Amino acid sequence: MGIGVTVFLAKRGPHEQHVRFMLGDKASEVTSLEVQYVDKDGDVARDARLSYAAGTAPRVVPHEPELPDGAYKVKVDVTTRDRRVSVERSVTLTGGSTQINLGPDL
């Protein structure tokens, strides 16, 4: 019984999530991503800033935030050489890999 409770509680607590931001063909123009994971209560559960020298951002940007499983709004501010784009997506994180396609918004 103790092992079952431990596994149940571990799934409810923060653990590494695997999020992939897909930048696509415009990746070379991206210089930074500012990311916020907003929980169901509207609180920012995690945030991060990922910066790149001009022309070096990968087409797929990995991010592994420590968050409990659940529904989140992911707010991303993408800065390119020419402009800043704000994108918001709703996702459900469950410990697997989640892809967020930002390419069409760039």
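**Entry 1: a loop residue**

I began with Ala 27, which I found in the loop between β2 and β3; helices (H or I, at least four residues) and strands (E, at least two) are DSSP runs, numbered from the N terminus. Ala 27 is buried, with a relative accessible area of 4%, where buried means under 20% relative accessible area, exposed over 50% and partly exposed in between, with a 1.4 Å probe and protein chains only. I then looked at Ala 27 together with Ala 54, and these two are 27 residues apart in sequence and 9.7 Å apart in space, C-alpha to C-alpha.

**Entry 2: what I am working with**

I note that this is a predicted model, in which local features need pLDDT of at least 70 and side-chain atom pairs count only at pLDDT 80 or more, while totals for chains, interfaces and linings use all residues. Residues are numbered from 1 along each chain as its sequence is written, and side-chain values use heavy atoms, with hydrogens and water left out.

**Entry 3: the overall plan**

I counted one helix and nine strands in the protein, and reading along the sequence I wrote down the pattern α-β-β-β-β-β-β-β-β-β. Of the 106 residues in the protein, 32% are buried.

**Entry 4: the sheet of three strands**

Strands of a sheet pair through backbone hydrogen bonds, either parallel or antiparallel. For my notes, two strands pair if DSSP finds at least two bridges between them. I traced an open sheet of three strands in the order β5-β2-β9, with mixed pairing. Its edge strands are β5 (60-63) and β9 (97-101), each of which pairs on one side only. From one strand to the next the twist averages 20 degrees; the axes are lines fitted to C-alpha atoms, for helices over the stretch in contact, and angles run from 0 to 180 degrees between N-to-C directions.

I followed strand β2 (residues 18-22) to both of its partners. With β5 it pairs in the antiparallel sense over four bridges, and Met 22 has Val 60 in β5 as its bridge partner. With β9 the direction is parallel, and five bridges join the two strands; here Phe 21 stands opposite Ile 100.

Gln 17 is found in the loop between β1 (15-16) and β2. Is Gln 17 buried or exposed? Gln 17 is buried, with a relative accessible area of 1%. Its side chain reaches the backbone oxygen of Leu 67 at 3.0 Å.

**Entry 5: the sheet of four strands**

I next traced an open sheet of four strands, which has the order β4-β3-β7-β8 and antiparallel pairing. Strands β4 and β8 (84-93) stand at the edges with a single partner strand each, so one side of each is left without a neighbour in the sheet. The twist in this sheet averages 15 degrees from one strand to the next.

Strand β3 (residues 30-38) and strand β4 (residues 44-51) pair over seven bridges, and Gln 36 has Asp 47 in β4 as its bridge partner. Their hairpin has five residues between the strands, and in it Gly 42 takes a positive phi near 85 degrees. Between β7 and β8 I noted ten bridges, with Asp 77 opposite Ser 86 in β8.

**Entry 6: the largest pocket**

Last, I looked up the largest pocket, which holds about 160 Å³ of space. On a 1 Å grid over the protein atoms alone, a cavity is a set of points where a 1.4 Å probe fits but cannot get out, whereas a pocket is an open set with protein on both sides within 12 Å along at least five of seven lines, and lining residues have an atom within 4 Å of a point. Grid points are joined across faces, edges and corners, and a volume is the space filled by probe spheres set on the points.

Among the residues that line this pocket I noted Arg 12, Asp 39, Lys 40, Asp 41 and Tyr 72. The lining divides into four nonpolar, one polar and five charged residues; Ala, Val, Leu, Ile, Met, Phe, Trp, Tyr, Cys and Pro count as nonpolar, Asp, Glu, Lys and Arg as charged, and the others, Gly among them, as polar. Strand β7 (residues 70-80) gives the most to this lining, with three residues.

Key: A polar contact is a pair of N or O atoms within 3.5 Å; within protein, one must be able to donate a hydrogen and the other to accept it, and residues adjacent in sequence count only if both atoms are side-chain atoms.
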